[in-house]
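Let's take a look around a protein chain together. Have the sequence and the model open as you read.

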Amino acid sequence: MSHRPSSGLAAVSTALLAMSRQMEVRDVLKTIVVSARELLDAEYAALGVPDDHGGFAQFVVDGVTEEQWKAIGPLPRQHGVLAAMLHKAEPERLADVREDPRFGGWPDAHPELSDFLGLPVRDGDETLGALFLANKRCSKPEGGCGFTAQDEELLGILAQHAAIALTNARLYERSRELTIAEERSRLAHELHDAVSQKLFSLRLTAQAAAALVDRDPARAKGELQQVAVLAAEAADELRAAVVELRPAALDEDGLVHTLRTQVQVLDRAHSATVVFDSPGIRALPAAQEEAVLRVAQEALHNALRHADAGRVTVTLVRDGQGARLTVTDDGRGFDPMTVRRAGRHLGLVSMRDRAAGVGGALTVTSAPGEGTTIEMEVPGG
């Protein structure tokens with residue numbers, strides 16, 4: 001037996017591990033395409049996810065530069081060989097795709113493709129996408145070398161596991177959407193409870209000041225001072241809610257910049273001193289960055305709203321391939337066991353779930369009168 005099958009199986013194992021680490025659909029698609037191209041030593045690879053209108057909702061490529069991709073133009077339609085892969089279960093292995101009767105050409109900027117291997121990515125009877133490779137990299141005598149039956153078998157194994165990874169990623173994104181909806185509902189209740197109470201008190205205090213202004217100016221002045229305090233507190237509540245509801249776009253600003261911006265807003269909005277420190281970290285997978293951001297927000301919320309902290313420090317540092325977030329406050333602290341037995345969680349369950357959901361871990365250290373430290377570690381990608 002040649003060495004190729006064993007090395008191929010090892011490469012499949014590496015590809016499967018890479019896919020299992022991703023949680024976002026887009027990250028899974030890209031990992032599948034890169035893994036397939038490397039596994040079978042092809043020049044080009046692509047994976048198209050169909051929409052309901054005869055085109056592709058997503059089309060991820062590897063081996064094509066960004067400039068080439070922009071020059072190629074709109075996403076391809078579901079026709080020719082691509083359509084065949086979406087509408088039947090069998091793979092397509094061609095010595096030269098240009099000679100296939102279904103071939104309809106491609107845009108001028110499109111790379112020249114010859115030997116071709118494609119197959120559908122399926123979950124049961126549902127076709128999730130079409131995966132294809134082109135231009136196997138090897139010496140090509142007359143007639144071309146092309147992809148082999150063994151290549152087809154290896155790609156089939158990869159496609160089966162790709163379907164599982166893609167399905168899991170879709171389920172994860174749906175569950176996250178539900179979590180976000182739940183968080184928005186919670187924030188709406190908090191906004192109603194906290195800010196409405198402040199505004200109600202402000203209204204009553206202003207009415208009292210108006211009643212006293214003629215007969216007791218000194219007391220009226222005191223009531224107006226209280227109006228100013230209540231108005232400032234209501235503004236603080238609103239600012240904090242807005243920060244939670246509308247975090248900066250991680251894709252555009254990155255995790256470090258996003259956290260620094262939010263800490264600066266909270267520092268201005270609250271009497272406590274809130275500081276952030278980070279030497280800079282490598283980019284994390286999108287799901288991990290969002291989890292770190294949400295845990296930081298929850299920990300800051302607890303420190304500023306419940307702990308009566310005078311100072312809160314947020315740090316984000318590199319930890320191996322991943323990162324470590326630490327949120328420390330000098331507030332009143334608490335006994336984690338007592339909180340758990342009392343049925344109060346202070347968001348700890350949510351934070352632990354977020355950490356575990358991206359392969360990380362959360363540690364809570366606190367005691368009455370000794371402040372609180374929340375530490376979250378994520379593995380990176």
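A quick word on ground rules. This is a predicted model, where local features need pLDDT of at least 70 and side-chain atom pairs pLDDT 80 or more, while totals for chains, interfaces and linings use all residues. Residues are numbered from 1 along each chain as its sequence is written, and side-chain values use heavy atoms, leaving out hydrogens and water.

Back to H2: its buried residues (under 20% relative accessible area, 1.4 Å probe, protein chains only) include Val25, Leu29, Ile32 and Arg37. Just after H2, Asp41 takes a positive phi of about 55 degrees.

Now for a helix pair. H8 and H9 pack at an angle of about 15 degrees, with axes 10 Å apart. They are therefore roughly parallel, a label for angles under 35 degrees. Here is who makes the contact (heavy atoms within 4.5 Å):

| Helix | Residues in the helix | Contact residues include |
|---|---|---|
| H8 | 255-269 | Leu255, Leu259, Val263, Leu266 |
| H9 | 286-305 | Glu289, Val292, Ala296, Leu300 |

The residues of this contact divide into 9 nonpolar, 3 polar and 1 charged.

Zooming out, the chain has 11 helices (DSSP H or I runs of at least four residues) and 10 strands (E runs of at least two). Buried residues make up 42% of its 381 residues.

Technical notes: Axes fitted to C-alpha atoms, helices over the stretch in contact; angles between N-to-C directions. Parallel < 35°, antiparallel > 145°, perpendicular 65-115°, else oblique. Nonpolar A, V, L, I, M, F, W, Y, C, P; charged D, E, K, R; others polar. Buried < 20%, exposed > 50% of the residue type's maximum accessible area, 1.4 Å probe, protein only.
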